[in-house]
Amino acid sequence: RQKTLAEVVKQERRGNALVLTIDRPEAGNSLSAEVSQAFLDILDKIDGDASLRALIVTGAGKRFFCTGGDVKRYAQLTTKDELREVMRLARTVFQRFEALHIPVIAAVNGLAIGGGTEILLATDLRVAAPHAEISMPQVRLGIITGWEGYERLVRDIGFSRAMQVVTTGERFGAKEAYRLGLINTIAEDADAVGSALRFVESFDKAAPLALQRAKRVIHKAASGPAHEARDLATDTFVDLWFTEDHREAERAFAEKRKPVFKGK
C-alpha cells in the first residue's frame, strides 16, 4: 500500500514549533514527489501562522535524515521534461523554506546524503546528532545537485570548502560538518529535535515581527545584490522602530522587566 501524503510527512506540534518528519525509513527517508507535495501542502497551511515560531524538519528513526531523491522513482523517467518537472517540485519546497515567515531548522538525526544535504542547506539553522553524517556524492554518480544545493553551499561555507565537499564526495561526521560550517550545533544527547527546540526557546525572547524581518534581511544579504540588501535593511529598521513591540521593549528595559510582545 502506498502511503498517503499525511503519512509520508508526519506533523507534530511541539510548543511554538511544528516538527515535520519524513517517514520513509524503508526508502532511506528519500525525497519522493509525494514527500515534496506533502511539504508544499503543509507550508500552504502554516504560511503566516502567528502562533508558530519555527518549523523543524527531521527524518524518522535514527539511521536516516534523508538520503536524497527517490532514485527508484527517477529511474522510471524517460524524458528531460519529466525530469525537470520532478526536480521543480523539490526545488519549490526548498525555496518555500527560505521564504517562510519563521526560521526553519534541520534536525539531522542520521545520514544526510546528496539531496538530504540539499534540504539542510535550504534551512536557516542546522542541528545534528553526533552520529550524523553529511555528504554530497553527486559527482560520483555522474551528476550534480538538482535543487540549487551547490549555490547554497558556496553561500554558506565559501568557495574552497564547497569545492572540497563537492569534488571529494566524502562523508563528513558531525564534528567535521560543524568545523566546515555546515551545521550550527551538535546535539550531544543525540536528540536532534530536542536540540532544535532549544533554539526555538531562544526565539521566544524575540519580537515576532523582528524575527521574521531579520530572516528576510539575512537571506537577502546572503543572496544579493548588496544594494538591495542594504535598502531592505534600512526600510525594515524604520518600519520596526515604530511598532508596538519596539515601544514595549523600550518600556520593559526602563522598568527592568521582560517585554510582552504581541507581534504588532
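Glutamate 133 is partly exposed, with a relative accessible area of 28%; the term covers values between buried, under 20%, and exposed, over 50%, computed with a 1.4 Å probe and protein chains only. The model is predicted, so local features need pLDDT of at least 70 and side-chain atom pairs count only at pLDDT 80 or more, while totals for chains, interfaces and linings use all residues. Residues are numbered from 1 along each chain as its sequence is written, and side-chain values use heavy atoms, with hydrogens and water left out.

## Salt bridges

Glutamate 133 forms a salt bridge with arginine 171, a term for a side-chain nitrogen of Lys or Arg within 4 Å of a carboxyl oxygen of Asp or Glu. The pair links distant parts of the chain, 38 residues apart: glutamate 133 belongs to strand E8 (residues 133–135), and arginine 171 to the loop between helix H7 (159–168) and strand E9 (172–173). Helices (H or I, at least four residues) and strands (E, at least two) are DSSP runs, numbered from the N terminus. Arginine 171 is partly exposed as well, at 47% relative accessible area.

By this rule the count comes to 19 salt bridges. Side chains of opposite charge can pair when their charged atoms come close. The table gives examples.

| Salt bridge | Closest N to O distance |
|---|---|
| Glutamate 133 and arginine 171 | 3.5 Å |
| Aspartate 156 and arginine 155 | 2.7 Å |

Salt bridges that share partners join Glu98, Arg126, Glu148, Arg152, Arg155 and Asp156 into one network.

## Backbone features

Glutamate 148 lies in the loop between E8 and H6, and its phi is near 70°, a positive value in a residue other than glycine. Alanine 190 also has a positive phi, of about 70°, although it is not a glycine. Alanine 190 is placed in the loop between strand E10 (185–186) and helix H9 (192–203) and is partly exposed, with a relative accessible area of 40%. A cis peptide bond joins glycine 224 and proline 225, with omega about -10°; proline 225 lies in the loop between H10 and H11. Most residues other than glycine have a negative phi, and most peptide bonds are trans.

## Pockets and cavity

The largest pocket holds about 670 Å³ of space. Of the 23 residues that line this pocket, Tyr74, Met87, Ile143, Ile144 and Gly146 are the closest to its centre. On a 1 Å grid over the protein atoms alone, a pocket is an open set of points with protein on both sides within 12 Å along at least five of seven lines, a cavity is a set where a 1.4 Å probe fits but cannot get out, and lining residues have an atom within 4 Å of a point. Grid points are joined across faces, edges and corners, and a volume is the space filled by probe spheres set on the points. H4 gives the most to the lining of the largest pocket, with five residues. That lining divides into eleven nonpolar, eight polar and four charged residues; Ala, Val, Leu, Ile, Met, Phe, Trp, Tyr, Cys and Pro count as nonpolar, Asp, Glu, Lys and Arg as charged, and the others, Gly among them, as polar.

The second largest pocket contains about 410 Å³ of space. Its lining has 20 residues, of which Thr123, Asp124, Leu125, Ile218 and His219 are the closest to the centre. H10 contributes the most to this lining, with six residues. By class, the lining of the second largest pocket has ten nonpolar, four polar and six charged residues.

The structure holds one cavity of 30 Å³ or more. Leu31, Ser32, Ala33, Ser36, Tyr74, Val86, Leu89 and Ala90 line the largest cavity, and six of its lining residues are nonpolar, two polar and none charged.
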